[in-house]
Amino acid sequence: MTAVLGKPIPYFEIPATSGLVFTPSACQGRKVVMYFYPKDSTPGCTVESMEFRDAIDDFTKANTLIVGISRDNLKSHENFKRKIELPFELLSDTEEVLCQLFGVMKMKNMYGKQVRGIERSTFLIDEAGVLRHEWRGLKIPGHVQDVLKAAQSL
């Protein structure tokens with residue numbers, strides 16, 4: 001099963017920070033931004049998460065929930081969330097369920113070696129649970145504003 005633009009996203013259950021379990025059905029009636037990032041507390045991931053954090057009021061006004069996703073465990077997520085004061089939940093995809101569903105695992109060069117990791121990607125789901133937008137292999141500057149504009153236009 002994979003997520004397809006213009007179609008409802010498949011059902012899943014994934015552990016989240018704050019002791020929650022995240023499911024698509026729990027978000028019905030709200031838009032959802034799901035942003036995949038490689039690793040907690042790394043420079044690019046910290047900047048991206050802080051930009052989503054800083055735009056939370058605008059996303060909330062647009063009836064849009066934000067969740068961050070990586071393969072880090074919940075303890076790492078809780079520390080990262082607390083350290084940079086994130087006002088939204090982080091999903092722990094240690095089994096790569098969502099990574100496979102959204103096709104974000106890629107071979108990347110890290111210090112001259114090929115490593116398998118998450119390609120920075122963001123997905124926007126509408127109030128009915130339908131995947132409406134995807135951004136893959138993105139660059140951080142200006143990205144959060146692009147996602148916000150898309151959420152506001154749905």
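Here is a walk through the pockets, a helix pair and a cavity of this structure.

The model is predicted, so to speak of local features takes a pLDDT of at least 70, side-chain atom pairs count only at pLDDT 80 or more, and totals for chains, interfaces and linings use all residues. Residues are numbered from 1 along each chain as its sequence is written, and side-chain values use heavy atoms, with hydrogens and water left out.

Let's start with the open spaces. On a 1 Å grid over the protein atoms alone, a pocket is an open set of points with protein on both sides within 12 Å along at least five of seven lines, a cavity is a set where a 1.4 Å probe fits but cannot get out, and lining residues have an atom within 4 Å of a point. Points are joined across faces, edges and corners, and a volume is the space filled by probe spheres set on them.

The largest pocket comes out at about 280 Å³. It has 15 lining residues, and Pro38, Lys39, Lys108, Met110 and Ile118 are the closest to its centre. Helix H1 (43–54), strand S6 (105–110) and strand S7 (113–118) each give two or more residues to that lining; helices (H or I, at least four residues) and strands (E, at least two) are DSSP runs, numbered from the N terminus. S7 gives the most, with four residues. By class, you'll find seven charged, five nonpolar and three polar residues there, where Ala, Val, Leu, Ile, Met, Phe, Trp, Tyr, Cys and Pro count as nonpolar, Asp, Glu, Lys and Arg as charged, and the others, Gly among them, as polar.

The second largest pocket holds about 200 Å³. Of its 14 lining residues, Leu20, Phe22, Cys27, Leu65 and Glu89 lie nearest the centre. Strands S2 (21–22), S4 (64–70) and S5 (89–92) give two or more residues each, with S4 giving the most, three. This lining divides into eleven nonpolar, two charged and one polar.

Back to H1, which also packs on helix H5 (residues 143–153) at about 40 degrees, with the axes 9 Å apart. Axes are lines fitted to C-alpha atoms, for helices over the stretch in contact, and angles run from 0 to 180 degrees between N-to-C directions. Glu48, Glu51 and Phe52 of H1 meet His143, Val144 and Val147 of H5, contact being heavy atoms within 4.5 Å. That contact has three nonpolar, two charged and one polar residue.

The largest cavity has a volume of about 70 Å³, and among its 13 lining residues Ile9, Pro24, Cys27, Val32 and Ile125 are the closest to its centre. The lining has eight nonpolar, three charged and two polar residues.
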